[in-house]
Amino acid sequence: MFFLIFNKNTDMKRRNFLTGTTLATVGLATLFIEGCNNTNKNIGDKSLDSETAVVFELDEETISSLQEKLVSGQYNSQQLVELYLKRIEEIDNNGLKLNSIIEINPDAVSIAKEMDAERKNRKSRGSLHGIPVIIKDNIDTADKMQTTAGSLAMVGNVATNDAFIVKKLRDAGAIIIGKTNLSEWANFRSTQSSSGWSSRGGQTKNPYILDHNPCGSSAGSGVAVAANLCVVAVGTETDGSIVCPASVNGVVGIKPTVGLISRSGIIPISKTQDTAGPMARTVKDAAILLGVLAGIDKTDSITIESKGKSFSDYTQFLDLNALKGKRIGIEKKPQGNNQFINSLLDNAMRQLKQKGATIVEIDYINKIDALGEAEYEVLQFEFKDGLNHYLSNAKSKVKSLKDVIDFNLANEDKAMPYFKQEILESSNLKSGLNEKKYRDALNKSFNGSKMILDSVIMKYELDAICGITMGPACSIDMIYGDRWGYSLTSPAAISGYPHITVPCGKVYDLPVGLSFFGTSYSEPKLLGIAYAYEQGSKHRVKPTFKKSFL
């Protein structure tokens, strides 16, 4: 489903879902990220420039603050939608050309009018009633929008049914105003990709420095939230695809426990690791959205495991004093040698201690890194199986992974102008999920990662494990692909455990996130910890849309 970036490895030429150097020996990370089709386009003279783009009427608004204004009559939902659509037109489609939105919902204004009419009649569907939301372009919507995973091969695919989580959003009163660009096929296409690029949508840009990478695969969702093109967005992750773009775009991202949120109606990579999740500017907004998205879906059997373990309201766990008495594990192996990144981590540790937490040095990351090759094996098997099933029931011109590969070859100049499809091709060579090689790899990666994390958490009586989520964004490079340093996406991804990233400062004018993860269904505890850290540190800073690093 969606992740991030891999380190290139001479032996294993495929991205590392993990990002950075997490999979030291294999490298699976740069997968959910792609390149830049529109990077060199000039900024239009008639639209907003980087100076005026900083100011926006709805800057940094939250779900709660907008609800207050809707209730008071200061705004109605139609006005909110129209303001966000104007913002998208001015700095996403034109002007700065952030290119985070791949498609606008043509019915957004009419849906807003319906929500206004319901409010006028004293009806409220819940916390998201009348709130504009954006979702990733691999999530089915039974409306006039397409679901393409950013691929030209999927153009024309209009779903018959809403994804389960889309129905949940609509039932809660959310107004889906559009879909976000992503790393094509959730970055599970090429070993040389540039994150945030798709053949259908082009290259998404980082709003802090426009020639830098937004990370992926939920690049558009991260950028849209960071640049105030919406209040909150939905991303998806297999390994890093939510937490990486959240980290490098200065927002909050939650990769939930696999099983908390349904995957039905979402173009898949891995039934073992895929999940959707919230992206927001505050922990509270992410918690509100998480409560809406969570739920048991009979068509996604793994969600049955969440019975009695999920909540419709996660804001009840947001506690300013949540760090008091908590034991937080930190890998004793240095997270790289950059003094500025290390300083951010040192500052974060001091802040955690000041809030009452105990920091415990632990040793686990090398063991997780050793699982990278097995993880990649699992993902290839599951991608072929899951995608073939999805396509066989979709209204698309391609009906199998082999059809996608053939389409790309027949349309190489448009579908593969910068990098190719090595991962699609290697995945297509895999056999079924009854293959011993798959079962052995699954046992090693999935069960092995759980054993490693459970053991260290139990041994040191930890409430969470913490660390820098990612280094700052790399430059957009369409020729050689992404260059990412350290990342902490894989431990929670391989195990299916929950992971939250929160802004913890900037390096070279680029945001860096701080991660917290723990065991299955520990979202309440993690949210409390993340909220206490966020409120004590206040590191969320609006982007300034610098044109270049130098």
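Which residues in H7 meet which residues in H16? The views below start with that contact.

This is a predicted model, in which local features need pLDDT of at least 70 and side-chain atom pairs count only at pLDDT 80 or more, while totals for chains, interfaces and linings use all residues. Residues are numbered from 1 along each chain as its sequence is written, and side-chain values use heavy atoms, with hydrogens and water left out.

**View 1. The whole chain.** The chain has 16 helices and 13 strands. Helices (H or I, at least four residues) and strands (E, at least two) are DSSP runs, numbered from the N terminus. The C-alpha trace spans about 60 × 55 × 50 Å along its principal axes. Of the 550 residues, 64% are buried. Buried means under 20% relative accessible area, exposed means over 50%, and partly exposed is in between (1.4 Å probe, protein chains only). Contact means heavy atoms within 4.5 Å. Among contacts between residues at least 6 apart in sequence, 77% join residues at least 24 apart.

**View 2. Helix H7 against helix H16.** H7 covers residues 283-293 and H16 covers residues 523-537. From H7 come Val-283, Ala-287 and Leu-290; they meet Glu-523, Leu-527, Ala-530, Tyr-531 and Glu-534 of H16. By class, this contact has six nonpolar, no polar and two charged residues. Ala, Val, Leu, Ile, Met, Phe, Trp, Tyr, Cys and Pro count as nonpolar; Asp, Glu, Lys and Arg count as charged; the others, Gly among them, count as polar. The helices pack at an angle of about 160°, and their axes are 9 Å apart. Axes are lines fitted to C-alpha atoms, for helices over the stretch in contact, and angles run from 0 to 180 degrees between N-to-C directions. H7 and H16 are therefore roughly antiparallel. Angles over 145 degrees count as roughly antiparallel, under 35 as roughly parallel, 65 to 115 as roughly perpendicular, and the rest as oblique. Their crossing is left-handed. That term applies if the near helix is turned anticlockwise from the far one by less than a right angle; clockwise is right-handed.

View 3. The buried residues include Asp-285, Ile-288, Gly-291 and Leu-293.

**View 4. Aromatic pairs.** The whole structure holds 13 aromatic pairs. Rings of Phe, Tyr and Trp (its six-membered ring) pair if their centres lie within 6.5 Å; planes under 30 degrees apart count as stacked, over 60 as edge-to-face and the rest as tilted. Trp-197 and Phe-419 have ring centres 5.0 Å apart and planes at 75°, so their pair is edge-to-face. Trp-197 and Phe-419 are both buried. Phe-311 and Phe-317 also form an edge-to-face pair, with 4.9 Å from centre to centre and 75° between the planes. Phe-311 counts as partly exposed because its relative accessibility is 30%. Ring pairs also link Phe-188, Tyr-376 and Phe-383 into a cluster.

View 5. Ser-194 lies in the loop between strands E3 and E4. Its relative accessible area is 0%, so Ser-194 is buried. Ser-194 and Phe-419 are 225 residues apart along the chain, yet their C-alpha atoms are separated by 8.5 Å.

View 6. Cys-504 sits in strand E12 (residues 499-507). With 3% relative accessibility, Cys-504 counts as buried. Beyond its neighbours within four places in sequence, Cys-504 contacts several residues, among them Leu-344, Ile-468, Tyr-533 and His-539. Cys-504 and Tyr-533 are 29 residues apart in sequence and 9.0 Å apart in space, C-alpha to C-alpha. Ser-522 lies in the loop between strand E13 and H16. Ser-522 is buried, at 12% relative accessible area. Not counting residues up to four places away in sequence, Ser-522 touches Thr-257 and Pro-498.

**View 7. Backbone details.** A cis peptide bond joins Gly-216 and Ser-217, with omega about 10°. Ser-217 is in the loop between strand E5 and helix H5. Ala-149, a residue other than glycine, has a positive phi near 55°. Ala-149 counts as buried, at 1% relative accessibility. Tyr-508 has a positive phi near 55°. Tyr-508 lies in the loop between E12 and E13 and counts as partly exposed at 38% relative accessibility.
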